[in-house]
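Please examine the sequence and the structure shown here before reading on.

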Amino acid sequence: MQPLLHHAATALGWRGIVVPDVAVLGHQVSAVVRVRADVHEWRSANGWPPQPDPSWFRSWFEPAAHDRLPVPAVELVGVLVGESTVDHALQSCGTLMTLAPCSVVLPPPQGDRAWPLMELDYYGIGVVSVDDAGTAELLVPPEDRSTEFGPSLFGRWLLEVLYDRVLKEVPAEARVHS
């Protein structure tokens with residue numbers, strides 16, 4: 001599935017590292033992120049490793065416990081959701097589109113049946129069709145509606161989870177070119 005996700009990200013024009021199989025709000029999604037090299041270097045030099053534990057973030061509401069907070073070391077470019085139907089796609093992207101552009105990766109339609117994409121387009125959810133050979137076609141471009149919702153503690157925590165995954169799973173030389 002990961003090569004198909006790379007093809008989908010390329011069709012969307014999303015440059016970055018694909019982080020597959022991230023559990024978010026009861027859904028398995030993939031994220032495309034870019035490492036902010038300057039922030040990563042600063043955090044590494046100053047003892048700010050990724051903080052993926054959600055209890056650490058809850059303590060942010062207690063100023064006595066934390067007088068400073070780490071700057072995010074990754075930027076969330078977009079979210080890819082693999083679904084087999086448009087209805088499931090709409091459910092999966094519903095909350096995630098508050099964080100970054102969300103696109104559904106669907107298999108090509110079977111026979112003469114086209115995907116009913118109007119509702120996904122209405123909500124700003126992108127659609128990419130990818131076949132088994134890796135041919136990706138952008139059917140509906142996603143919209144970035146995250147600014148309509150503003151930052152959230154959940155979104156900030158997700159950035160730490162993604163930062164942690166990138167550091168554990170992606171070789172250092174591959175992070176530089178994201």
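Predicted model: local features only at pLDDT ≥ 70, side-chain atom pairs only at ≥ 80, totals over all residues.

Residues are numbered from 1 along each chain as its sequence is written, and side-chain values use heavy atoms, with hydrogens and water left out.

Six strands form an open sheet with the order 1-2-3-4-5-6 and mixed pairing. Strands (E, at least two residues) and helices (H or I, at least four) are DSSP runs numbered from the N terminus, and two strands pair if DSSP finds at least two bridges between them. Because strand 1 (17–24) and strand 6 (136–140) stand at the edges with a single partner strand each, one side of each has no neighbour in the sheet. Strand 3 (residues 74–82) and strand 4 (residues 102–106) run parallel and are joined by four bridges; Val81 has Val104 of strand 4 as its bridge partner.

Helix 4 (residues 86–96) lies across strands 1, 2, 3 and 4, where contact means heavy atoms within 4.5 Å.

The largest pocket holds about 300 Å³ of space. A pocket is an open set of points on a 1 Å grid over the protein atoms alone, where a 1.4 Å probe fits, with protein on both sides within 12 Å along at least five of seven lines; lining residues have an atom within 4 Å of a point. The volume is the space filled by probe spheres set on the points, which are joined across faces, edges and corners. Among the 15 lining residues, Leu76, Leu99, Pro151, Gly155 and Leu159 are the closest to the centre of the pocket. Helix 7 gives the largest share of the lining, four residues.

Key:
Axes fitted to C-alpha atoms, helices over the stretch in contact; angles between N-to-C directions.
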